[in-house]
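User: I'd like to learn how to read aromatic ring pairs in a structure. Can you walk me through it?

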Amino acid sequence: MVGSCREALSVAMYSAARTLARPPQVMRLPLNLPLSQFRGEKPVVLVFFPLAFSGICTGELCELRDNLKAFETDGIELIGISVDSHFALRAWGDQEKYTFSLLSDFWPHGAVASEYGVFVEDAGIANRGTFVIDRDGIIAASIVTAPGQAREFSAYLEAIAKVA
């Protein structure tokens with residue numbers, strides 16, 4: 001494993017050694033660029049979702065896709081994360097024409113979701129949790145819903161207003 005995700009994510013979200021990059025669209029964690037690359041540059045919205053190709057997740061992420069300007073206007077980096085393999089995320093992202101990054105938290109299974117407190121151990125999936133991280137690496141807002149409950153897009157707008 002490159003870096004130490006477990007230590008860094010729990011301290012300050014931007015100091016995470018988990019890796020993110022734009023191209024290619026779907027990445028498998030860990031990679032070589034730390035989440036800290038965004039510190040001082042731009043806010044980040046991490047969107048944890050249970051599974052690619054499922055109804056609620058597809059609906060939610062398509063709504064984000066269709067309203068991506070709300071994030072881009074304020075220079076916010078939108079990143080989706082699930083426990084699906086990077087192969088499944090690639091296929092789903094291509095099918096749905098997502099242009100934001102989708103990251104795989106497949107192995108160690110759910111490690112990143114666990115650090116954010118949204119991993120559902122019994123089910124082996126992430127709950128729906130969104131974390132809005134400001135330019136300084138501080139969580140400015142979070143949205144976590146009950147299993148099976150979609151997040152309202154209006155909640156995203158309220159949350160990103162805190163970092164815009």
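User: How many aromatic pairs does the count come to here?

Analyst: Keep in mind that this is a predicted model. The general idea first: you describe a pair of aromatic rings by how far the centres are from each other and by the angle of the planes. In this model, the count comes to 10 aromatic pairs.

User: Which kind of pair do the rings of Phe 48 and Phe 131 make, and why?

Analyst: That one is edge-to-face, because the planes sit at 80° and the cut-off for edge-to-face is over 60 degrees. The ring centres are 6.0 Å apart.

User: Is Phe 48 buried or exposed? And what about Phe 131?

Analyst: Phe 48 is buried, at a relative accessible area of 0%. Phe 131 is buried as well, with 7%.

User: What do the rings of Phe 49 and Trp 92 look like as a pair?

Analyst: Here the centres are 5.2 Å apart and the planes make 45°, so you'd call the pair tilted. Phe 49 is in the loop between strand 2 and helix 2 (55-66), while Trp 92 is in helix 4 (residues 86-96), so this pair ties together parts 43 residues apart in sequence. Phe 49 counts as buried at 0% relative accessibility, and Trp 92 is buried at 0% too.

How values were computed
Residues numbered from 1 in each chain as written. Predicted model: local features only at pLDDT ≥ 70, side-chain atom pairs only at ≥ 80, totals over all residues. Heavy atoms only, no water. Phe/Tyr/Trp six-rings, centres within 6.5 Å; stacked < 30°, edge-to-face > 60°. Buried < 20%, exposed > 50% of the residue type's maximum accessible area, 1.4 Å probe, protein only. Helix = DSSP H or I, 4+ residues; strand = E, 2+ residues; numbered from the N terminus.
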